[in-house]
Amino acid sequence: MASLRSSSVIGSVAYSSSCCSRRGTTRATINMPKLRTGGLSLRLPARDLVPEVLDMGPGLSAATTSHVEKKYESSTNRNSHSLGSNVSDPMVIAKLHAIMEAVADRVEMHQNIGEQRDNWNSLLLTSINAITLTAATMAGIAATSVGGPLLALKTSSTLMYLAATGMLVVMNQIQPSQLVEEQRNAARLFKQLHGRIQTTLSSGNTTSSDVEDAMKKVLALDKAYPLPLIGVMLEKFPETVEPAVWWPQHRQRQEKPMKRRDGNGWSVELEEEMREVVGVLKRKDTEDYLRLGKIALNVNKILSISGPLLTGIAACGTAFMGSSHGSWAAMVGVVAGAMASVVNTMEHGGQVGMVFEMYRSNAGFFRLMEETIESNLNEIDVERRENGELFEMKVALHLGRSLSGLKNLAAASSYASSEKGEAIEEFASKLF
């Protein structure tokens with residue numbers, strides 16, 4: 001019996017060694033889980049699936065391993081995609097920084113050129129008035145002179161009036177005070193754009209659409225407020241008064257019809273409130289500032305024509321001094337010159353061109369608010385709109401009102417249009 005047992009043990013050892021020699025490094029292990037008699041729960045030990053699958057045979061191991069690897073790769077790709085979506089592209093950040101540097105440079109340029117053109121306005125106004133008053137004084141002295149002094153004074157007065165006429169024509173054509181207001185507006189709007197780009201970068205969630213949007217805004221501002229005077233200067237005496245436009249036009253999206261739903265801070269009451277605010281802006285604020293801009297434009301036209309006309313008449317009067325109508329010629333030369341200096345002071349000292357540009361810019365501000373509100377209301381999917389509560393607060397701040405004041409304005413407008421059939425007399429903006 002002992003010999004049989006030893007031979008069986010030796011045989012099994014030999015068989016296992018021969019199997020190991022044939023299979024190489026293949027090993028099989030059976031782990032029996034320990035069962036707890038005191039409870040019903042069964043815990044399986046944590047094991048690596050890949051080695052066990054390999055032990056199940058060459059055919060099954062290949063199929064199962066490829067299936068496990070595909071699942072692992074797909075989960076890895078999903079995780080990397082979700083992480084990458086929250087991280088901004090370095091190239092997008094670099095482009096936004098480049099745009100921000102260009103915007104900061106434009107702010108400096110518009111500020112410097114605005115100061116230069118403000119100096120133009122003050123220096124040209126002082127110089128032209130000094131020339132005009134000197135010519136009038138010389139014409140008055142020449143009226144009491146005879147002979148050589150009369151000719152010298154008359155000639156000098158006529159030449160000075162002609163020089164003042166030419167300078168007034170150029171000054172009235174470019175309107176330095178209006179140019180200064182344009183540069184002020186451009187510097188302020190570029191500063192706003194610079195701050196918005198900084199806010200976008202600080203949020204940490206930038207996309208290529210942010211770069212495209214910033215580029216469009218920069219180009220729109222360049223077009224609205226050009227720096228050169230020759231060729232691209234804004235028309236100072238347009239046929240019709242239109243609001244200033246310094247923003248890219250909103251694209252009209254073709255949305256599929258769907259049932260409107262509340263959400264993202266929006267409600268039916270808020271939409272009706274915004275519609276009433278847009279109606280008040282169109283009927284009162286924008287219309288009133290366009291009307292005031294038209295009045296300022298007409299006054300500026302009259303003054304721009306009157307100044308050079310009066311200096312030209314004064315030059316003709318001084319040229320006929322010493323003739324048979326010398327007394328009348330002297331009176332025309334002196335009086336027309338004095339009136340020309342008054343008209344010039346009213347136009348450029350009062351900065352009528354700047355007032356016209358201010359009214360035009362204010363009308364453009366209200367037009368921008370109208371388009372912004374309407375673009376949000378026209379967006380059918382409320383999730384793609386700006387948050388309703390935040391948007392309402394922005395509108396109230398831009399109009400210089402509290403949230404309750406904005407609601408009261410919308411309620412008063414709705415009541416006046418539905419009950420009385422007329423518009424309210426109150427303006428939407430309380431800032432200007």
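## Charged pairs, then the core

Start with helix α10, residues 352–378, and select Arg367 and Glu370: they sit 3 residues apart there, so about one helical turn separates them. Keep in mind that this is a predicted model. Show the side chains and you'll find a salt bridge between Arg367 and Glu370, with the closest N and O atoms 3.7 Å apart. Which of the two is buried? Glu370 is, at 4% relative accessibility, while Arg367 is partly exposed at 28%.

Next, jump to helix α6 (residues 176–203) and pick Glu181 and Arg184, which are 3 residues apart and so about one helical turn from each other. Here the salt bridge has its closest N and O atoms 2.9 Å apart. Color by accessibility: Glu181 counts as buried at 10%, and Arg184 comes out partly exposed at 42%.

Now go to helix α8, residues 268–319, and select Asp288 and Arg291, again 3 residues apart and separated by about one helical turn. Their side chains meet in a salt bridge, 2.6 Å from N to O. Asp288 is buried, with 18% relative accessibility, and Arg291 is partly exposed at 44%.

How many salt bridges does the structure hold? There are 17. For a stop with several partners, select Glu271, Glu272, Arg275 and Arg385 together, since these are linked in a network of salt bridges.

In soluble globular proteins, nonpolar side chains tend to be buried together. The largest nonpolar core here has 51 residues, and the ones with the most contacts inside it are Ile197, Tyr225, Trp246, Met274, Ile373, Val395 and Leu399. Several helices give two or more residues to this core, among them α4 (90–142), α7 (208–224), α11 (388–398) and α12 (403–420). Which element gives the most? That's α8, with 10 residues.

Zoom in on Met274 and show its neighbors. Leaving aside residues up to four places away in sequence, Met274 touches Trp266, Ile373, Leu377, Phe391, Glu392, Val395 and Leu406.

For the last stop, select Ala139, Leu150, Met321 and Ala329: these belong to a second, separate core of 8 residues.

Terms used. Residues are numbered from 1 along each chain as its sequence is written. This is a predicted model: local features need pLDDT of at least 70, side-chain atom pairs count only at pLDDT 80 or more; totals for chains, interfaces and linings use all residues. Side-chain values use heavy atoms; hydrogens and water are left out. A salt bridge is a side-chain nitrogen of Lys or Arg within 4 Å of a carboxyl oxygen of Asp or Glu. Helices (H or I, at least four residues) and strands (E, at least two) are DSSP runs, numbered from the N terminus. Buried means under 20% relative accessible area, exposed over 50%, partly exposed in between (1.4 Å probe, protein chains only). A nonpolar core is a set of buried Ala, Val, Leu, Ile, Met, Phe, Trp, Tyr and Cys residues joined through side-chain atoms within 4.5 Å. Contact means heavy atoms within 4.5 Å.
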